[in-house]
Amino acid sequence: MFKTNNTKKLSLGIVGGGPGSWIGHVHRISSRFDNHYEIVAGVFSRNVKISNKFGNSIGISADRCYLNYKEMAEKESKREDGIDVVAIMTPPSSHQIIAEKFISKNINIISDKPFAGNLEQAKKLFKSIKKNKKIKYALTHNYSAYPMVRQAKILVEKGKIGKVKMINVEYVQDWSDGSSINARNAKKKLKWKLNKKIVGSSAVLNEIGSHAYHLAIYISGLKGKNVLADIKQISPKIKMDDNAQVMINFSNGAKGMFWTNVMARGGVYGLRIRVFGDKGSLEWVQNDPGYLKLNPSKGAVKLLERGFHNAGFSKNFSRIKFGHPEGYLDAFANIYKEFAVSLKSKTKKRDFFPNEDEGFETAKFIDACKLSSKSKKWVKIK
Ligand SMILES: NC(=O)c1ccc[n+]([C@@H]2O[C@H](COP(=O)([O-])OP(=O)(O)OC[C@H]3O[C@@H](n4cnc5c(N)ncnc54)[C@H](O)[C@@H]3O)[C@@H](O)[C@H]2O)c1
């Protein structure tokens, strides 16, 4: 499905993801998975020395290691062999500002989440992307690129669970109150996550809640209509919101329960979603990503497995045969691959990678949650 005969590699520039950034490593590996990109330029840190040293260590020529993203956008856009795509993996509140610079130079964008630091930024970014018909934009809500999540999406579309009635989604992690964190070292360890100006409108929602909400709208095809949220700081060691419980009413009348937390002891990347329709339900857990439970309202539970005949659609997003495990990196790389194929294709095919529409929806959801938690009232997502 996601194939192209065009073997020309896309030139990729990177902003962020320097030494110590875990997700920077993930982006670089993912971009190399399917031979669609070559990393040729970058600015990997605000510190020029660190950035240049890092660029050099991954084989970027000195003249394409830039002082900052502005210089990179200006100079790359003037080169005949300038970058086709920029990948942005800096902290949240800079995503919009950096993306806008590259949009103004007609350079395609792969950005890490959240779409923007807050709703105001999200509105500006959304407008700029829509206005520029020369570029495409992908957002690495990478959980939506697992083969069995795609299988779930298509099963919902085909009506296999009927009309969606309820969605229960949770994403929990365990770091804001972890045993290695104390009031003295928290700032050093958690860095910008404790800085409201950088992490954006809500730490827990921007950091991981955005993934959970995205997954819910991605699989169900629905949009949230209004929310009643309670966002709190529970850990006594840090100053940031680390827990959010949200009731959601979806566009078709479906009800949603959403929980996200970064101090859930032992909650290691615990992302789980259940979607209930009037004919049955689906359940997917990211720690066991090769399986999807289909629970029909009548008959036995079916365990669908990636790549098998009863989950044929998932094969489109897999690289190796069933039975052998695929995981996080493979799913992340799907976004890079699909984006490349989309850029190279002359004919219009359906894109499955997360885009600006979903990013904007997620930013609207987070803003409504903030307002609701403050007013203790239901708030419309708008
Ligand atoms: N998709 C995922 O699953 C996932 C996982 C982790 C983090 N993230 C997201 O990735 C982003 C980065 O997170 P992180 O944990 O890597 O942060 P980090 O602080 O570990 O790394 C950020 C890197 O960007 C560099 N940087 C910051 N501003 C820059 C600028 N203006 N120009 C060039 N470099 C700059 C920093 O020097 C650092 O190397 C965040 O938005 C975060 O939410 C996504």
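Reader: What makes these five strands an open sheet, and in what order do they come?

Author: This is a predicted model, and in it the strands line up as E2-E1-E3-E4-E5, with parallel pairing. On average, neighbouring strands are turned by 20° against each other, ignoring direction.

Reader: How do you know that E1 and E3 are paired?

Author: Pairing takes at least two bridges between the strands. Strand E1 (residues 10-16) and strand E3 (residues 85-89) are joined by five bridges and run parallel, so they pass that test. If you want a spot to look at, find Gly 16, which sits opposite Met 89 in E3.

Reader: Which strands does helix H3 touch when it packs on the sheet?

Author: H3 (residues 69-78) touches E1 and E2, and its direction makes about 130° with that of E2. There's also helix H10 (residues 328-344), which lies across E1, E2, strand E4 (108-111) and E5. H10 runs at about 170° to E4.

Reader: How many residues does each domain bring to the contact?

Author: Domain 1 brings 17 residues and domain 2 brings 20. Contact here means C-beta atoms within 7 Å. On the domain 1 side, helix H5 (119-131) and E5 each supply at least two residues, and H5 has the largest share, with four.

Reader: What kinds of residues make up that side of domain 1?

Author: Twelve nonpolar, four polar and one charged. Keep in mind that Gly counts as polar in this scheme.

Reader: Why is the ligand said to lie between the domains?

Author: Because domain 1 and domain 2 both give residues to the shell around the ligand. That shell holds 26 residues, and the closest are Gly 16, Gly 18, Ser 21, Ile 23 and Ser 45. E1 and helix H1 (22-32) are the elements that give two or more residues, with H1 giving the most, three.

Reader: How do the residues of the shell divide by type?

Author: Ten are nonpolar, eleven polar and five charged.

Terms used
Residues are numbered from 1 along each chain as its sequence is written. This is a predicted model: local features need pLDDT of at least 70, side-chain atom pairs count only at pLDDT 80 or more; totals for chains, interfaces and linings use all residues. Axes are lines fitted to C-alpha atoms, for helices over the stretch in contact, and angles run from 0 to 180 degrees between N-to-C directions. Two residues are in contact if their C-beta atoms, placed from the backbone, lie within 7 Å. A residue is near a molecule or strand if its C-beta atom, placed from the backbone, lies within 6 Å of it. Domain bounds come from an automatic or database domain assignment.
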